[in-house]
Amino acid sequence: MIMASIRFENVTKTYEGATSPVVPNLNLEIKDKEFIILVGPSGCGKSTTLRMIAGLESITEGEMYIGDRLMNKVPSKDRDIAMVFQNYALYPHMNVYKNIAFGLKLRKEDPAEIDKRVHEAAKILDLEHLLTRKPKELSGGQRQRVALGRAMVRNPAVFLLDEPLSNLDAKLRASMRTEIAKLHQRLNITFVYVTHDQTEAMTMGDRIVVMKDGIVQQFDTPQTLYEQPVNLFVAGFIGSPQMNFLDVEIAKEGGRLYAVLGKNKLAVPEFKCDALAKYAGKRVIMGLRPEDFLGQNMLTEDNAMDAEMNFSELLGADYNLYMTVSDIRIIVKIPAAGKQPERGAYRIAANMDHAHFFDKETEKAICH
Ligand code: ADP
(Lines give C-alpha, C1' and ligand atoms only; values in the text may rest on other atoms or scores of the structure.)
Protein backbone atom coordinates (compact mmCIF):
# COMPACT_ATOMS: atom_id res chain seq x y z
CA MET A 1 0.00 0.00 0.00
CA ILE A 2 1.42 3.38 -0.94
CA MET A 3 1.78 6.16 1.58
CA ALA A 4 -0.85 8.72 0.73
CA SER A 5 0.28 11.77 2.59
CA ILE A 6 -0.38 14.97 0.61
CA ARG A 7 1.99 17.90 0.62
CA PHE A 8 1.62 21.36 -0.88
CA GLU A 9 4.84 23.35 -1.08
CA ASN A 10 4.47 27.03 -1.93
CA VAL A 11 1.61 26.27 -4.27
CA THR A 12 -0.03 29.13 -6.11
CA LYS A 13 -3.04 28.82 -8.37
CA THR A 14 -3.96 31.61 -10.74
CA TYR A 15 -6.79 30.96 -13.17
CA GLU A 16 -6.14 31.89 -16.76
CA GLY A 17 -7.01 35.50 -17.43
CA ALA A 18 -7.20 36.35 -13.72
CA THR A 19 -4.96 39.09 -12.35
CA SER A 20 -4.52 37.67 -8.86
CA PRO A 21 -4.18 34.12 -7.57
CA VAL A 22 -7.17 32.40 -5.92
CA VAL A 23 -4.70 30.39 -3.85
CA PRO A 24 -1.47 32.24 -3.10
CA ASN A 25 1.45 30.29 -1.67
CA LEU A 26 -0.26 27.32 -0.05
CA ASN A 27 1.79 25.18 2.35
CA LEU A 28 -0.07 22.22 3.75
CA GLU A 29 0.83 18.75 4.92
CA ILE A 30 -1.88 16.11 5.22
CA LYS A 31 -0.82 12.85 6.86
CA ASP A 32 -1.42 9.41 5.45
CA LYS A 33 -4.87 8.08 6.47
CA GLU A 34 -6.03 11.37 7.95
CA PHE A 35 -9.57 12.70 7.51
CA ILE A 36 -9.06 16.34 6.59
CA ILE A 37 -11.74 18.94 6.06
CA LEU A 38 -11.25 22.07 3.97
CA VAL A 39 -13.75 24.61 5.25
CA GLY A 40 -14.39 28.29 4.60
CA PRO A 41 -16.88 30.65 3.01
CA SER A 42 -17.94 30.20 -0.60
CA GLY A 43 -15.26 31.25 -3.07
CA CYS A 44 -12.30 30.93 -0.69
CA GLY A 45 -10.51 28.35 -2.84
CA LYS A 46 -11.48 25.03 -1.23
CA SER A 47 -12.61 23.31 -4.43
CA THR A 48 -9.65 24.68 -6.31
CA THR A 49 -7.34 23.14 -3.71
CA LEU A 50 -9.15 19.79 -3.88
CA ARG A 51 -9.12 19.85 -7.67
CA MET A 52 -5.37 20.43 -7.65
CA ILE A 53 -4.99 17.24 -5.58
CA ALA A 54 -7.23 15.46 -8.08
CA GLY A 55 -5.30 16.78 -11.05
CA LEU A 56 -8.39 18.51 -12.44
CA GLU A 57 -6.71 21.91 -12.11
CA SER A 58 -3.12 22.68 -13.00
CA ILE A 59 -0.72 24.08 -10.42
CA THR A 60 0.57 27.50 -11.49
CA GLU A 61 3.61 27.55 -9.21
CA GLY A 62 5.05 25.36 -6.46
CA GLU A 63 4.90 21.63 -5.91
CA MET A 64 2.30 19.12 -4.80
CA TYR A 65 3.23 15.62 -3.64
CA ILE A 66 1.21 12.52 -2.88
CA GLY A 67 3.50 10.34 -0.81
CA ASP A 68 6.95 11.08 -2.16
CA ARG A 69 5.78 11.49 -5.71
CA LEU A 70 5.70 14.91 -7.33
CA MET A 71 2.24 15.20 -8.88
CA ASN A 72 2.36 18.45 -10.85
CA LYS A 73 2.55 16.72 -14.22
CA VAL A 74 0.88 13.39 -13.35
CA PRO A 75 -2.50 12.97 -15.10
CA SER A 76 -5.55 12.60 -12.91
CA LYS A 77 -6.11 8.94 -13.80
CA ASP A 78 -2.62 7.98 -12.60
CA ARG A 79 -2.91 9.61 -9.18
CA ASP A 80 -4.60 6.77 -7.30
CA ILE A 81 -7.44 9.02 -6.16
CA ALA A 82 -11.21 8.80 -6.28
CA MET A 83 -13.52 11.78 -6.16
CA VAL A 84 -17.15 12.25 -5.16
CA PHE A 85 -18.93 15.46 -6.09
CA GLN A 86 -22.07 17.23 -4.98
CA ASN A 87 -23.72 16.48 -8.31
CA TYR A 88 -23.05 12.79 -8.50
CA ALA A 89 -24.23 11.72 -11.93
CA LEU A 90 -25.31 8.09 -11.87
CA TYR A 91 -26.11 6.44 -15.19
CA PRO A 92 -29.93 6.41 -15.19
CA HIS A 93 -30.36 3.37 -17.43
CA MET A 94 -27.99 1.17 -15.37
CA ASN A 95 -28.88 -0.55 -12.14
CA VAL A 96 -26.91 -0.02 -8.94
CA TYR A 97 -24.62 -2.96 -9.56
CA LYS A 98 -23.67 -1.72 -13.03
CA ASN A 99 -23.23 1.84 -11.83
CA ILE A 100 -20.74 0.70 -9.21
CA ALA A 101 -18.97 -1.69 -11.59
CA PHE A 102 -18.79 0.70 -14.52
CA GLY A 103 -15.37 2.26 -13.91
CA LEU A 104 -13.78 -1.13 -13.28
CA LYS A 105 -15.30 -2.53 -16.48
CA LEU A 106 -13.88 0.39 -18.44
CA ARG A 107 -10.47 -0.46 -17.02
CA LYS A 108 -11.03 -4.05 -18.13
CA GLU A 109 -10.58 -5.55 -14.69
CA ASP A 110 -11.18 -9.25 -14.24
CA PRO A 111 -14.97 -9.89 -13.99
CA ALA A 112 -14.62 -12.07 -10.89
CA GLU A 113 -12.58 -9.34 -9.20
CA ILE A 114 -15.16 -6.71 -10.22
CA ASP A 115 -17.96 -8.82 -8.78
CA LYS A 116 -16.07 -9.25 -5.52
CA ARG A 117 -15.36 -5.55 -5.12
CA VAL A 118 -18.91 -4.47 -6.00
CA HIS A 119 -20.31 -6.84 -3.38
CA GLU A 120 -17.78 -5.69 -0.79
CA ALA A 121 -18.64 -2.04 -1.41
CA ALA A 122 -22.37 -2.79 -1.39
CA LYS A 123 -21.98 -4.56 1.94
CA ILE A 124 -20.09 -1.70 3.56
CA LEU A 125 -22.57 0.86 2.21
CA ASP A 126 -25.67 -1.22 2.95
CA LEU A 127 -26.68 -1.41 -0.71
CA GLU A 128 -26.80 -5.18 -1.12
CA HIS A 129 -30.59 -5.32 -1.30
CA LEU A 130 -30.68 -2.51 -3.88
CA LEU A 131 -28.22 -3.79 -6.47
CA THR A 132 -30.86 -4.40 -9.14
CA ARG A 133 -32.60 -1.05 -8.73
CA LYS A 134 -32.27 1.87 -11.12
CA PRO A 135 -31.19 5.28 -9.75
CA LYS A 136 -34.72 6.70 -10.07
CA GLU A 137 -35.95 4.01 -7.68
CA LEU A 138 -33.57 5.19 -4.94
CA SER A 139 -33.74 7.90 -2.29
CA GLY A 140 -31.25 10.78 -2.34
CA GLY A 141 -29.18 9.19 0.39
CA GLN A 142 -29.11 5.82 -1.36
CA ARG A 143 -28.00 7.48 -4.58
CA GLN A 144 -25.21 9.22 -2.77
CA ARG A 145 -24.13 5.88 -1.29
CA VAL A 146 -23.98 4.45 -4.81
CA ALA A 147 -21.75 7.36 -5.82
CA LEU A 148 -19.50 6.56 -2.85
CA GLY A 149 -19.50 2.89 -3.86
CA ARG A 150 -18.47 3.74 -7.37
CA ALA A 151 -15.48 5.68 -6.05
CA MET A 152 -14.64 3.04 -3.42
CA VAL A 153 -14.32 0.03 -5.72
CA ARG A 154 -11.29 1.58 -7.35
CA ASN A 155 -9.40 1.04 -4.08
CA PRO A 156 -7.95 4.52 -4.16
CA ALA A 157 -5.24 5.71 -1.78
CA VAL A 158 -6.94 9.09 -1.46
CA PHE A 159 -10.65 9.82 -1.36
CA LEU A 160 -11.67 13.34 -2.34
CA LEU A 161 -15.15 14.62 -1.52
CA ASP A 162 -16.47 17.97 -2.71
CA GLU A 163 -19.59 19.02 -0.77
CA PRO A 164 -21.05 15.54 -1.26
CA LEU A 165 -23.98 16.12 1.09
CA SER A 166 -25.18 19.57 0.16
CA ASN A 167 -28.02 18.27 -2.04
CA LEU A 168 -29.51 16.22 0.78
CA ASP A 169 -32.05 17.35 3.36
CA ALA A 170 -30.88 18.16 6.89
CA LYS A 171 -31.82 14.85 8.50
CA LEU A 172 -30.22 12.76 5.80
CA ARG A 173 -27.15 14.97 5.88
CA ALA A 174 -26.69 14.25 9.56
CA SER A 175 -26.91 10.49 9.08
CA MET A 176 -24.66 10.53 6.01
CA ARG A 177 -22.05 12.43 8.03
CA THR A 178 -21.82 9.45 10.35
CA GLU A 179 -21.79 7.07 7.38
CA ILE A 180 -18.86 8.85 5.79
CA ALA A 181 -16.92 9.00 9.06
CA LYS A 182 -17.48 5.24 9.44
CA LEU A 183 -16.46 4.69 5.84
CA HIS A 184 -13.18 6.46 6.54
CA GLN A 185 -12.53 4.11 9.44
CA ARG A 186 -13.36 1.06 7.35
CA LEU A 187 -11.27 2.04 4.34
CA ASN A 188 -8.42 3.46 6.42
CA ILE A 189 -7.20 5.77 3.66
CA THR A 190 -6.65 9.52 3.36
CA PHE A 191 -9.89 11.53 3.03
CA VAL A 192 -10.01 15.17 1.98
CA TYR A 193 -13.48 16.66 2.29
CA VAL A 194 -14.63 20.11 1.19
CA THR A 195 -17.54 21.89 2.85
CA HIS A 196 -18.66 25.43 3.67
CA ASP A 197 -20.59 24.07 6.65
CA GLN A 198 -18.71 24.37 9.93
CA THR A 199 -20.95 21.80 11.65
CA GLU A 200 -20.00 19.23 9.06
CA ALA A 201 -16.35 20.14 9.51
CA MET A 202 -16.46 19.97 13.31
CA THR A 203 -18.21 16.60 13.43
CA MET A 204 -16.24 14.72 10.78
CA GLY A 205 -12.61 15.70 10.51
CA ASP A 206 -9.50 14.59 12.38
CA ARG A 207 -8.12 18.00 11.50
CA ILE A 208 -9.66 21.00 9.80
CA VAL A 209 -8.15 23.53 7.42
CA VAL A 210 -9.96 26.85 7.79
CA MET A 211 -9.48 28.95 4.65
CA LYS A 212 -10.26 32.54 3.76
CA ASP A 213 -9.36 34.25 0.48
CA GLY A 214 -7.19 31.29 -0.52
CA ILE A 215 -5.14 31.55 2.66
CA VAL A 216 -5.04 28.94 5.40
CA GLN A 217 -6.06 30.65 8.62
CA GLN A 218 -5.64 27.68 10.93
CA PHE A 219 -5.06 23.94 10.51
CA ASP A 220 -5.81 21.97 13.62
CA THR A 221 -8.15 19.59 15.43
CA PRO A 222 -11.81 20.58 15.91
CA GLN A 223 -11.22 21.02 19.63
CA THR A 224 -8.25 23.34 19.20
CA LEU A 225 -10.08 25.44 16.61
CA TYR A 226 -12.94 25.78 19.06
CA GLU A 227 -10.89 26.49 22.17
CA GLN A 228 -7.97 28.40 20.68
CA PRO A 229 -8.97 30.12 17.44
CA VAL A 230 -5.96 32.04 16.12
CA ASN A 231 -7.91 35.07 14.94
CA LEU A 232 -11.32 36.74 14.81
CA PHE A 233 -12.21 35.07 11.53
CA VAL A 234 -11.73 31.53 12.82
CA ALA A 235 -13.40 32.45 16.12
CA GLY A 236 -16.47 33.71 14.28
CA PHE A 237 -16.56 30.95 11.70
CA ILE A 238 -16.31 27.95 14.02
CA GLY A 239 -19.19 27.44 16.45
CA SER A 240 -22.94 27.92 16.18
CA PRO A 241 -24.49 30.24 17.19
CA GLN A 242 -21.33 32.19 16.59
CA MET A 243 -19.04 33.62 19.24
CA ASN A 244 -20.18 36.95 20.74
CA PHE A 245 -17.70 39.76 20.18
CA LEU A 246 -17.59 42.61 22.68
CA ASP A 247 -15.49 45.71 22.25
CA VAL A 248 -13.99 46.23 25.75
CA GLU A 249 -11.36 48.39 27.40
CA ILE A 250 -8.65 46.70 29.42
CA ALA A 251 -8.25 48.51 32.75
CA LYS A 252 -5.65 47.91 35.43
CA GLU A 253 -6.80 48.40 39.00
CA GLY A 254 -5.14 47.29 42.21
CA GLY A 255 -2.79 44.98 40.35
CA ARG A 256 -5.63 43.26 38.52
CA LEU A 257 -6.89 43.51 34.97
CA TYR A 258 -10.52 44.11 34.07
CA ALA A 259 -12.44 44.05 30.80
CA VAL A 260 -14.67 47.10 30.96
CA LEU A 261 -17.84 47.36 28.92
CA GLY A 262 -20.03 50.32 29.83
CA LYS A 263 -20.89 49.87 33.50
CA ASN A 264 -19.80 46.25 33.49
CA LYS A 265 -16.38 45.42 34.88
CA LEU A 266 -15.27 41.86 34.40
CA ALA A 267 -12.19 40.50 36.16
CA VAL A 268 -9.67 38.88 33.82
CA PRO A 269 -8.50 35.54 35.23
CA GLU A 270 -4.90 35.53 36.42
CA PHE A 271 -3.70 33.08 33.77
CA LYS A 272 -4.67 35.40 30.92
CA CYS A 273 -3.09 38.51 32.43
CA ASP A 274 0.49 38.18 31.20
CA ALA A 275 -0.57 38.30 27.57
CA LEU A 276 -3.10 41.07 28.16
CA ALA A 277 -0.96 43.32 30.41
CA LYS A 278 0.39 45.45 27.58
CA TYR A 279 -3.15 46.25 26.47
CA ALA A 280 -3.93 48.09 29.72
CA GLY A 281 -5.69 51.34 28.80
CA LYS A 282 -6.45 50.07 25.30
CA ARG A 283 -9.46 48.53 23.63
CA VAL A 284 -9.56 44.89 22.55
CA ILE A 285 -12.22 42.48 21.33
CA MET A 286 -13.44 40.03 23.95
CA GLY A 287 -15.03 36.85 22.63
CA LEU A 288 -17.50 34.80 24.64
CA ARG A 289 -19.28 31.84 23.11
CA PRO A 290 -23.05 31.57 23.75
CA GLU A 291 -22.32 28.58 25.99
CA ASP A 292 -19.75 30.53 28.04
CA PHE A 293 -22.18 31.87 30.60
CA LEU A 294 -22.71 30.48 34.09
CA GLY A 295 -25.80 29.78 36.16
CA GLN A 296 -27.22 32.44 38.46
CA ASN A 297 -25.73 30.70 41.51
CA MET A 298 -22.26 31.46 40.08
CA LEU A 299 -22.90 35.19 39.69
CA THR A 300 -20.24 37.38 41.40
CA GLU A 301 -19.14 41.02 41.30
CA ASP A 302 -16.27 39.89 39.07
CA ASN A 303 -18.29 38.26 36.30
CA ALA A 304 -21.64 40.05 36.28
CA MET A 305 -22.99 41.79 33.19
CA ASP A 306 -26.20 43.78 32.99
CA ALA A 307 -28.19 42.52 30.05
CA GLU A 308 -31.58 43.05 28.48
CA MET A 309 -33.31 39.98 27.12
CA ASN A 310 -35.30 40.71 23.96
CA PHE A 311 -36.23 37.30 22.67
CA SER A 312 -35.72 33.65 23.49
CA GLU A 313 -36.01 30.48 21.46
CA LEU A 314 -36.20 26.89 22.59
CA LEU A 315 -33.87 24.48 20.84
CA GLY A 316 -34.58 21.12 22.39
CA ALA A 317 -32.25 20.95 25.35
CA ASP A 318 -31.31 24.65 25.38
CA TYR A 319 -32.68 28.14 25.17
CA ASN A 320 -30.95 30.70 23.01
CA LEU A 321 -31.45 34.07 24.68
CA TYR A 322 -31.07 37.11 22.42
CA MET A 323 -29.76 39.84 24.68
CA THR A 324 -28.15 43.26 24.57
CA VAL A 325 -25.25 44.25 26.79
CA SER A 326 -24.29 47.91 26.61
CA ASP A 327 -25.94 48.19 23.16
CA ILE A 328 -24.14 45.12 21.82
CA ARG A 329 -26.26 42.19 20.76
CA ILE A 330 -25.26 38.82 22.11
CA ILE A 331 -26.67 35.30 22.23
CA VAL A 332 -26.59 33.39 25.49
CA LYS A 333 -27.30 29.67 25.59
CA ILE A 334 -28.72 28.18 28.77
CA PRO A 335 -30.03 24.72 29.62
CA ALA A 336 -33.78 24.49 29.09
CA ALA A 337 -34.84 23.71 32.63
CA GLY A 338 -38.03 25.29 33.89
CA LYS A 339 -40.28 27.68 32.04
CA GLN A 340 -39.30 29.91 29.15
CA PRO A 341 -37.48 32.99 30.46
CA GLU A 342 -39.33 36.28 30.12
CA ARG A 343 -38.11 39.42 28.43
CA GLY A 344 -36.56 42.09 30.60
CA ALA A 345 -33.46 42.97 32.59
CA TYR A 346 -31.07 40.29 33.82
CA ARG A 347 -27.67 40.08 35.46
CA ILE A 348 -25.75 37.35 33.69
CA ALA A 349 -22.51 35.66 34.70
CA ALA A 350 -19.75 35.51 32.10
CA ASN A 351 -17.47 32.50 32.31
CA MET A 352 -14.30 34.56 32.16
CA ASP A 353 -12.07 31.49 32.23
CA HIS A 354 -13.33 30.83 28.70
CA ALA A 355 -13.08 34.42 27.44
CA HIS A 356 -10.97 35.00 24.32
CA PHE A 357 -9.19 38.28 23.61
CA PHE A 358 -8.24 39.62 20.18
CA ASP A 359 -6.13 42.54 19.03
CA LYS A 360 -8.40 45.07 17.30
CA GLU A 361 -5.89 45.95 14.60
CA THR A 362 -4.31 42.63 13.67
CA GLU A 363 -7.44 40.64 14.63
CA LYS A 364 -5.08 38.01 16.03
CA ALA A 365 -5.79 36.20 19.28
CA ILE A 366 -4.00 37.61 22.34
CA CYS A 367 -5.03 34.87 24.76
CA HIS A 368 -7.73 32.31 25.47
P1 ADP B 1 -14.83 27.40 -2.95
O2 ADP B 1 -14.71 25.95 -3.25
O3 ADP B 1 -14.18 27.77 -1.65
O4 ADP B 1 -16.23 27.92 -3.01
P5 ADP B 1 -13.48 27.78 -5.46
O6 ADP B 1 -12.17 27.11 -5.32
O7 ADP B 1 -14.54 27.06 -6.22
O8 ADP B 1 -14.01 28.22 -4.04
O9 ADP B 1 -13.25 29.19 -6.16
C10 ADP B 1 -12.32 30.14 -5.72
C11 ADP B 1 -12.35 31.33 -6.64
O12 ADP B 1 -11.88 30.96 -7.92
C13 ADP B 1 -13.72 31.92 -6.84
O14 ADP B 1 -13.62 33.32 -6.86
C15 ADP B 1 -14.14 31.39 -8.20
O16 ADP B 1 -15.00 32.29 -8.83
C17 ADP B 1 -12.82 31.28 -8.91
N18 ADP B 1 -12.83 30.17 -9.90
C19 ADP B 1 -13.16 28.89 -9.67
N20 ADP B 1 -13.03 28.13 -10.76
C21 ADP B 1 -12.61 28.95 -11.75
C22 ADP B 1 -12.27 28.80 -13.15
N23 ADP B 1 -12.35 27.60 -13.74
N24 ADP B 1 -11.86 29.89 -13.81
C25 ADP B 1 -11.77 31.09 -13.21
N26 ADP B 1 -12.06 31.32 -11.91
C27 ADP B 1 -12.47 30.28 -11.19
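**Pockets and ligand shell**

The lining of the second largest pocket comprises eleven nonpolar, two polar and no charged residues. Here Ala, Val, Leu, Ile, Met, Phe, Trp, Tyr, Cys and Pro count as nonpolar, Asp, Glu, Lys and Arg as charged, and the others, Gly among them, as polar. The model is predicted: local features need pLDDT of at least 70, side-chain atom pairs count only at pLDDT 80 or more, and totals for chains, interfaces and linings use all residues. Residues are numbered from 1 along each chain as its sequence is written, and side-chain values use heavy atoms, with hydrogens and water left out.

**Second largest pocket**
- This pocket (on a 1 Å grid over the protein atoms alone, an open set of points where a 1.4 Å probe fits, with protein on both sides within 12 Å along at least five of seven lines) holds about 250 Å³ of space.
- Its 13 lining residues (an atom within 4 Å of a point) include Leu294, Gly295, Gln296, Leu321 and Ile334, which lie nearest its centre.

**Largest pocket**
- The largest pocket holds about 580 Å³ of space.
- It is lined by 22 residues, and Ala82, Met83, Phe85, Arg150 and Arg154 are the closest to its centre.
- This lining divides into 15 nonpolar, three polar and four charged residues.

**Ligand**
- Residues around the ligand (a heavy atom within 4 Å) include Tyr15, Val22, Lys46 and Thr48.
- The shell has four nonpolar, five polar and one charged residue.
- A backbone N or O atom of glycine 43 lies 2.7 Å from a ligand oxygen atom.
- A polar backbone atom of serine 47 is 2.8 Å from an oxygen atom of the ligand.

Conventions. Grid points are joined across faces, edges and corners, and a volume is the space filled by probe spheres set on the points. A polar contact is a pair of N or O atoms within 3.5 Å; within protein, one must be able to donate a hydrogen and the other to accept it, and residues adjacent in sequence count only if both atoms are side-chain atoms.
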